[in-house]
Amino acid sequence: ILGGYEARPHLKPFMASLQLDGQHVCGGFLVAEQWVLSAAHCTEETGDKLFQVLLGAHSLTEQEPHKRLYRVRAQFPHPGSNKHNNKDDLLLLQLEEKAELNADVQVLPFQREDRDVAPDTVCEVAGWGITSHSGRRPDRLQQVERPVISRDVCNHRTRHDGTITNNMMCTDSRRKDTCKGDSGGPLVCGGVAEGVVTAGSRVCGNYKKPAIYTRLAPYAAWIDGVMASADG
Ligand SMILES: NCc1cccc(Nc2n[nH]c3ncnc(Nc4cccc(O)c4)c23)c1
């Protein structure tokens, strides 16, 4: 997160850190007791290695009462996701067991009504992504508030030039923005997850490249279907 600030500890109990060999790679959030939602692009550099999922954390290193690392039973990237574009950039992770819910570990509902969030709505996004262009990695969860911008503005030829589909949404990226390591985290508007951070052009903090999110409402059936099928 660029231009943000340290979140109030454990006030975002849905936040997940997707880790490989103890290192934070991507964000995510608890969408059901045994399921975390993130971005398919997060698996690009991991090959077929499975993530571990840290829940209940504020600091990535310090001991905290409800912090717990979960193994992943299976990972389900959306079938339409690919490394050449941002389409269908969603990843469902089934935890080895149901997460133990408590004050620091809670599910976050996602938007199921397929209606665009109004432009200028202020939403918030959190993550352990880099906090500077030099790549400084925070130990504690950061957050930033960002206004939604219309798809038409985001699709302008000087911005994302027509690549933003109805399944995507954008927020202003002037100075305050998402960046490397924030992918997979939720965009929360009015207490509901409306989108998931996607890297897009990978540019951070430049107003000419607004932040892009995969909208969740269009994927409600896919999310429910995977969770129902794999739960048995
Ligand atoms: N703001 C959109 C957004 C959301 C999520 C991730 C991203 N960026 C990135 N995703 N993956 C990346 N691999 C390498 N570099 C990256 N961005 C980067 C790194 C250093 C300085 C800087 O200005 C930008 C990214 C960008």
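Author: Buried is used here for a relative accessible area under 20%, exposed for over 50%, and partly exposed for values in between, with a 1.4 Å probe and protein chains only. By that cut-off, 53% of the 232 residues of the protein chain count as buried. This is a predicted model, in which local features need pLDDT of at least 70 and side-chain atom pairs count only at pLDDT 80 or more, while totals for chains, interfaces and linings use all residues. Residues are numbered from 1 along each chain as its sequence is written, and side-chain values use heavy atoms, with hydrogens and water left out.

The serine to look at is Ser17, which sits in strand E2 (residues 15-20). Strands (E, at least two residues) and helices (H or I, at least four) are DSSP runs numbered from the N terminus. Ser17 has a relative accessible area of 0%, so this residue is buried. Its side chain makes a polar contact of 2.9 Å with the side chain of Gln19. A polar contact is a pair of N or O atoms within 3.5 Å; within protein, one must be able to donate a hydrogen and the other to accept it, and residues adjacent in sequence count only if both atoms are side-chain atoms. With neighbours within four places in sequence left aside, Ser17 is in contact (heavy atoms within 4.5 Å) with His24, Cys26, Gln52, Val53, Leu54, Leu60 and Trp128.

Another serine, Ser59, lies in the loop between strand E5 (52-55) and strand E6 (68-77). Ser59 is also buried, because its relative accessible area is 0%. Beyond residues up to four places away in sequence, Ser59 touches Glu64, Lys67, Asp139 and Arg140. The C-alpha atoms of Ser59 and Asn86 are separated by 30 Å, with the two residues 27 apart along the chain.

Asp120 belongs to the loop between strand E7 (91-95) and strand E8 (122-127). Its phi is positive, about 80 degrees, although Asp120 is not a glycine. Most residues other than glycine have a negative phi.

Of the contacts between residues at least 6 apart in sequence, 69% join residues at least 24 apart. Along the principal axes, the C-alpha atoms fill a box of roughly 45 × 35 × 35 Å.
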